[in-house]
Amino acid sequence: MSDLILGIETSCDETAVAVVADGRYILAEAVASQVQLHAPYGGVYPELASRQHMRDIVPLIRRALADSQTDWQQLEAIAVTYGPGLPGALLVGVNVAKGLALATGLPLIGVSHLEGHLYSNWLRPGCVLTPAETQARPVGAGIPGSASGEEPLPEDPAFPHLALIVSGGHTELVHVRGHGAVTVLGSTLDDAAGEAFDKAARLLGLGYPGGPAIEQAARAGDASRLELPVAVTDSPFDFSFSGLKTALARAVASGVYDLADLAAAFQSAVVRALTAGIRRALNAYPAAELHLAGGVSANGALRRAVQDLGVPVRCPPLAYCTDNGAMTAAAGYWARRRGRQSALDLDVVSNLTFPD
Ligand code: KG4
Ligand code: ZN
């Protein structure tokens, strides 16, 4: 029997729901992005985000359940992100999940958005199963519907590994020794990496979200025309991007450089800062693999730069770098196996890191 978990994610500007089997196989998912809604503000407008989550969440849950041909009796649990994130946005998902848990009697599992991003590397989006197949599949069997009918399952990630979670709200370098055994080695002292991309894009007059816009503009640029500084922090595993932003603002104001070169130089400096921190951590901690996760892990320059660090690299498929419900369901699956269950007085924790 497989474990079917409904995952609900509303921590920022994506309302996302998924039904996931065994913490790996995505039966169905439904996402409503608020990017267009927030674009005129150049960042997420919290009040608008909460209100849009309110409108979207129930129809999305209905759709994900219908698409997965799953009914409430077949689910094992409801996993929901309860932090970190925007409090008002988190409240929408948590309250809906609590209402559903109360009505159905299903266990509620609060998960951290950061553990969610970590579990995006455990998903196997290519392996599509029907609910009947997942119910019938004995543990350890191959993938039904694969070319041979019984292809061996791809390997789960190996422990210990090093993971870099880089998103609009976070830049966390973590050492993962096992499920629920996560040590934060370092984080950003000021802007998150994605936030730095978003602010830089604003300075350059590019759109929101800034990361993809800068990556696109940088393609036509030459990073070697301008070297922007990489901050040195007291801890070798911390990051700082505010000086870089100031240096970019000065370079823009000088009027000397063209847009593509500025974008390329900025992206190159962020990538250098991140890879330098990763390299130092790989020298200090045992790691069988390196995992990238979060919106900024969609960045091609970053993905290329980590290929030659001497350790196998896992990055989620592009659609699972940014916020999604499947990663929340996957994190809920592994947390439930460790015995985590949340009470119905679960509250949001806007600065949550990694619960046990
Ligand atoms: O993980 P995510 O969807 O939401 C948060 O939890 O914050 O990450 C969104 C962030 C935004 O700051 C966006 O600019 C950045 O990820 N991002 C990128 C790229 N795609 C998204 N940054 C750099 N390069 C990209 N291709
Ligand atoms: Zn995120």
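My entries follow, starting with the ground rules.

**Ground rules.** I'm working on a predicted model, where local features need pLDDT of at least 70, side-chain atom pairs count only at pLDDT 80 or more, and totals for chains, interfaces and linings use all residues. Residues are numbered from 1 along each chain as its sequence is written, chains are lettered from A and ligands numbered from 1 in the order in which they are written, and side-chain values use heavy atoms, with hydrogens and water left out.

**The sheet.** I looked up the strand order first: it is β3-β2-β1-β4-β5, an open sheet of five strands with mixed pairing. Strands here are DSSP runs of E, at least two residues, and helices are runs of H or I, at least four, numbered from the N terminus. Two strands pair if DSSP finds at least two bridges between them. The edges are β3 (25-33) and β5 (108-112); each has a single partner strand, so one side of each has no neighbour in the sheet. From one strand to the next, I get an average twist of 20°.

Next I checked β1 (residues 4-9) against β4 (residues 77-83): they run parallel and are joined by four bridges. Ile5 has Ala77 in β4 as its bridge partner.

**Helices on the sheet.** Helix α2 (residues 46-67) lies across β1, β2 (14-21) and β3, at about 20° to β2. Helix α3 (residues 87-104) touches β1, β4 and β5, and its direction makes about 155° with that of β4. For these angles, axes are lines fitted to C-alpha atoms, for helices over the stretch in contact, and the angles run from 0 to 180 degrees between N-to-C directions. Contact means heavy atoms within 4.5 Å.

**His175.** I found His175 in strand β7 (residues 171-178). Is His175 buried or exposed? His175 is buried, at 5% relative accessibility; the cut-offs are under 20% for buried, over 50% for exposed and partly exposed in between, with a 1.4 Å probe and protein chains only. A polar atom of its side chain lies 2.8 Å from the backbone oxygen of Pro286. Its contacts beyond four places in sequence include His161, Thr183 and Tyr285.

**Cores.** A nonpolar core is a set of buried Ala, Val, Leu, Ile, Met, Phe, Trp, Tyr and Cys residues joined through side-chain atoms within 4.5 Å. The largest one has 44 residues, and Leu228, Phe241, Phe266 and Ile278 touch the most other members. Among the elements giving two or more residues to this core are β6 (161-166), α8 (242-254) and α9 (259-284). The largest share, 13 residues, comes from α9. I also noted another core lying apart from it, of 30 residues, including Tyr25 and Val92.

**Salt bridges.** My search of the whole structure turned up 14, each a side-chain nitrogen of Lys or Arg within 4 Å of a carboxyl oxygen of Asp or Glu. Arg51 pairs with Glu47, with the closest N and O atoms 2.8 Å apart; both lie in α2, four residues apart, about one turn of the helix. Arg51 is partly exposed at 47%, and Glu47 is partly exposed at 42%.

Glu289 meets Arg314 at 3.0 Å, N to O. Glu289 sits in β9 and Arg314 in β10 (residues 313-314), so this pair ties together parts 25 residues apart in sequence. Glu289 is buried at 9%, while Arg314 is partly exposed at 24%. Last entry: Asp191, Glu195, Lys199 and Lys245 are joined into one network by salt bridges that share partners.

Note on methods
Polar contact = N/O pair within 3.5 Å; in protein donor to acceptor, adjacent residues only side chain to side chain.
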